[in-house]
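Biologist: I am new to this one. Please show me the structure, and let me ask how you reach each label.

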Amino acid sequence: MNPNPSFIRIVGLQRRYEMGGTIVRALDGVDIDIAERTFTVVMGPSGSGKSSLLYLLGGLDRPTAGEIYVNGERLDQMDENALARFRRKTMGFIFQSFNLISSMTALENVAFPMQFSGTPAARRNERAKELLAQVGLADRAQHKPSELSGGQQQRVAVARALVNDPALVFADEPTGNLDTQSGVTIMQMLADLHKSGRTVLVVTHDPRMVRFATNKIFLLDGKAVSEAEYQAVALEPLQANFGG
Ligand SMILES: Nc1ncnc2c1ncn2[C@@H]1O[C@H](COP(=O)(O)OP(=O)(O)OP(=O)(O)O)[C@@H](O)[C@H]1O
Ligand SMILES: [Mg+2]
């Protein structure tokens, strides 16, 4: 089967926040198509709307206007229950700050998303163990997040994101809080996920991640721009300096 060329389709996407009378246009009319089984890197300066975009695609937030389709299903019109179900079935999300539950062990954290899928407890445990082993943490199953290094916590978060075998994996600066070696490990995991047929979308500033990308999205002030436009703006401060 050929990969779906519009596995993710965004039309006129807007996300505005109202803050004490002023309106922040986090996303200001974004149109994007992302093919299935691609590795997309989202780049942009701080505040350009990268996290906002990922949260909307991941069904963790609602747009102010516009349409979001994932695998032909329209996300922005789903009710909360349908969205939660779709999210669990289709998507895995890796956050910059790991977002593990501090009172739970690594194993419980990984097993957590399966609680809602009607999987029996014994099977959940088995599956969570499998995933922890895959990320090289079989011997840390009973550790709480505070008893794990940053790199290990992020690997637990990767295992948790994969526990329902999602077709689509989102990661928001997954290496931002990691040392170099742990960062490389996480990048390699994301690259492997892509190779195994998943569609991967990563927000990153990390040039080492960019070489895995099959396509890139550039955001400036809540708008998707071409690489040329992006480079021109990125160079502006430099030119200003040279201009004296
Ligand atoms: N909950 C919120 N309330 C108000 N404004 C918000 C909220 N979340 C984000 N914003 C604003 O929306 C814009 C886009 O934010 P977003 O988090 O998407 O940026 P980003 O590209 O991920 O930045 P960074 O690289 O710093 O993570 C910013 O100007 C931000 O201040
Ligand atoms: Mg962000």
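Modeller: Start with Gly 197, which follows helix 6. The phi of Gly 197 is positive, near 105°. Keep in mind that this is a predicted model.

Biologist: Which residues of helix 6 are buried, and how do you know where they lie around the axis?

Modeller: The buried ones are Gly 183, Ile 186, Met 187, Met 189, Leu 190, Leu 193 and His 194. They cover an arc of only 155° around the axis, which puts them on the same side of helix 6. The face turned away from that side carries exposed residues: Thr 180, Gln 181, Gln 188 and Lys 195.

Biologist: What covers the buried residues of helix 6?

Modeller: The cover includes strand 3, helix 5, strand 7, strand 8 and helix 7.

Biologist: Helix 5 comes up there. Why is helix 5 called largely enclosed?

Modeller: Eleven of its 13 residues are buried, so helix 5 is largely enclosed by the rest of the structure. Among the buried ones are Gln 152, Arg 155, Val 158, Ala 159 and Leu 162. They pack against strand 6, helix 3, helix 4, strand 7 and helix 6.

Biologist: How do you know that the span of helix 5 agrees with its number of residues?

Modeller: At 1.5 Å a residue, 13 residues should span 18 Å. The end C-alpha atoms of helix 5 are 19 Å apart, which agrees.

Biologist: Now helix 4. Why do you say its buried residues line one face?

Modeller: The buried residues of helix 4 are Arg 124, Ala 128, Leu 131 and Leu 132. Seen down the axis, they fall within an arc of 100°, so they line one face of the helix. On the other side, Ala 122 and Arg 123 are exposed. The buried residues of helix 4 pack against helix 3 and helix 5. Just after helix 4, Gly 136 takes a positive phi of about 75°.

Biologist: What is in the largest nonpolar core?

Modeller: That core has 61 residues. Those with the most contacts inside it include Val 42, Val 158, Ala 159 and Val 202. Helix 5 gives the most to this core, with six residues. In soluble globular proteins, nonpolar side chains tend to be buried together.

Biologist: What does Val 202 touch?

Modeller: Leaving out residues up to four places away in sequence, Val 202 touches Val 41, Val 42, Ala 171, Pro 174, Leu 190 and Met 209.

Biologist: Why is Lys 223 called partly exposed?

Modeller: The label "buried" needs 20 or more other C-beta atoms within 10 Å, and "exposed" needs 12 or fewer. Lys 223 has 17 C-beta neighbours inside 10 Å, so it counts as partly exposed. Lys 223 sits in strand 10. Beyond its neighbours within four places in sequence, Lys 223 is in contact with Asp 28, Gly 29 and Val 30.

Biologist: Asn 99 and Asp 165 next. What is the phi of each?

Modeller: Phi of Asn 99 is near 55°, a positive value in a residue other than glycine. Phi of Asp 165 is also positive, near 55°. Most residues other than glycine have a negative phi.

Biologist: How do you know whether Asn 99 and Asp 165 are exposed or partly exposed?

Modeller: Asn 99 has 14 other C-beta atoms within 10 Å, so it is partly exposed. Asp 165 has 11, so it is exposed. Asn 99 lies in the loop between strand 6 and helix 3. Asp 165 is in the loop between helix 5 and strand 7.

Biologist: Last, ligand 1. Which elements give two or more residues to its shell?

Modeller: The residues around ligand 1 include Tyr 17, Val 24, Gly 47, Lys 50 and Ser 52. Strand 1, strand 2 and helix 1 each give two or more residues to the shell. Helix 1 gives the most, with three.

Biologist: How do the shell residues divide into nonpolar, polar and charged?

Modeller: Four are nonpolar, seven polar and one charged.

Methods: Residues numbered from 1 in each chain as written. Chains lettered and ligands numbered in written order. Predicted model: local features only at pLDDT ≥ 70, side-chain atom pairs only at ≥ 80, totals over all residues. Near = placed C-beta within 6 Å. Helix = DSSP H or I, 4+ residues; strand = E, 2+ residues; numbered from the N terminus. Nonpolar A, V, L, I, M, F, W, Y, C, P; charged D, E, K, R; others polar. Arc of directions from axis to C-beta. Contact = placed C-beta atoms within 7 Å. Core = buried A, V, L, I, M, F, W, Y, C linked by C-beta atoms within 7 Å. Expected span 1.5 Å × (residues − 1).
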